[in-house]
Amino acid sequence: MRIGIVLLLTTLITGCEFQRQLKEMYEESPNVVTGCHIGDVRLSGLLLQERNYLTANGTQQQEMLHNAINAKDHPQSALLLSQPKSSVSDLTKSLQYYRQQGTNPSKECPGDRYLLLRHAQAKLLLQINQYSRSLRKENLELRKKIEALTQIEQEISRDREIAQ
């Protein structure tokens with residue numbers, strides 16, 4: 001029994017030590033700038049394009065989106081398709097573009113981290129839209145049931161009036 005306890009404690013201690021070493025290795029290892037998929041200049045360009053997209057009218061937005069898709073600019077296409085007012089189909093397309101774009105989540109790659117953040121936001125927007133759609137459907141079904149009950153109530157009231 002003592003041997004079991006000693007082995008268990010040794011395993012726990014070495015496991016914690018191994019996790020600590022991995023964490024230190026990850027945090028201390030310098031991330032080469034070339035490892036970032038979206039550099040600072042590219043991030044600035046993406047943000048500028050996104051701002052222009054948000055302030056553009058519908059025709060200009062469609063043209064900007066069309067240009068990004070034709071240029072096979074996956075980050076730009078994903079960002080433009082994943083705006084808060086986007087449709088479910090646009091959000092779904094944006095998720096495909098986000099998946100095609102490589103990203104490095106390290107703190108030395110803010111452009112990549114921004115794309116990861118927007119990817120997560122697009123997923124949540126899609127979930128919210130789908131949930132909203134299901135709530136509207138449920139609301140419609142409940143309205144139909146209420147109308148049916150109201151109609152039944154009116155028929156019962158008429159039957160009572162006739163019976164009196």
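Reader: Let's start with Ile-38: is this residue buried or exposed?

Author: Happy to begin there, with a predicted model in which local features need pLDDT of at least 70 and side-chain atom pairs count only at pLDDT 80 or more, while totals for chains, interfaces and linings use all residues. Residues are numbered from 1 along each chain as its sequence is written, and side-chain values use heavy atoms, leaving out hydrogens and water. Buried means under 20% relative accessible area, exposed over 50% and partly exposed in between (1.4 Å probe, protein chains only). Since Ile-38 has a relative accessibility of 3%, it counts as buried.

Reader: Which residues does Ile-38 touch?

Author: Ile-38 sits in the loop between helix H1 (2-28) and H2; helices (H or I, at least four residues) and strands (E, at least two) are DSSP runs, numbered from the N terminus. Contact means heavy atoms within 4.5 Å. Not counting residues up to four places away in sequence, Ile-38 touches Leu-43, Leu-46, Pro-75, Gln-101, Gly-111, Asp-112 and Leu-115.

Reader: And how far apart in space are Ile-38 and Asn-104?

Author: In sequence, 66 residues separate Ile-38 and Asn-104. From C-alpha to C-alpha, the distance between the two is 8.7 Å.

Reader: How are H2 and H3 oriented to each other?

Author: Helix H2 (residues 40-55) and helix H3 (residues 58-70) pack with their axes 8 Å apart, at an angle of about 150 degrees. Axes are lines fitted to C-alpha atoms, for helices over the stretch in contact, and angles run from 0 to 180 degrees between N-to-C directions. Angles under 35 degrees count as roughly parallel, over 145 as roughly antiparallel, 65 to 115 as roughly perpendicular and the rest as oblique. The angle therefore makes H2, relative to H3, roughly antiparallel.

Reader: Which residues of H3 do Gln-49, Asn-52, Tyr-53 and Leu-54 in H2 meet?

Author: On the H2 side, the contact is made by Gln-49, Asn-52, Tyr-53 and Leu-54. Their partners in H3 are Gln-61, Met-64 and Leu-65.

Reader: What is the partner of Arg-42 in its salt bridge?

Author: A salt bridge is a side-chain nitrogen of Lys or Arg within 4 Å of a carboxyl oxygen of Asp or Glu, and the structure holds two. Arg-42, partly exposed at 31% relative accessibility, has its closest N–O pair in such a bridge at 2.3 Å. The partner is Asp-73.

Reader: How far apart are the end C-alpha atoms of H6?

Author: The expected span of a helix is 1.5 Å times one less than its number of residues. With 54 residues, H6 should therefore span 80 Å. The distance between its end C-alpha atoms agrees with this, at 78 Å.

Reader: Finally, which helices are included in what covers the buried residues of H6?

Author: Among the buried residues of H6 are Leu-115, Arg-118 and His-119. The cover over the buried residues of H6 includes H2, H4 and H5.
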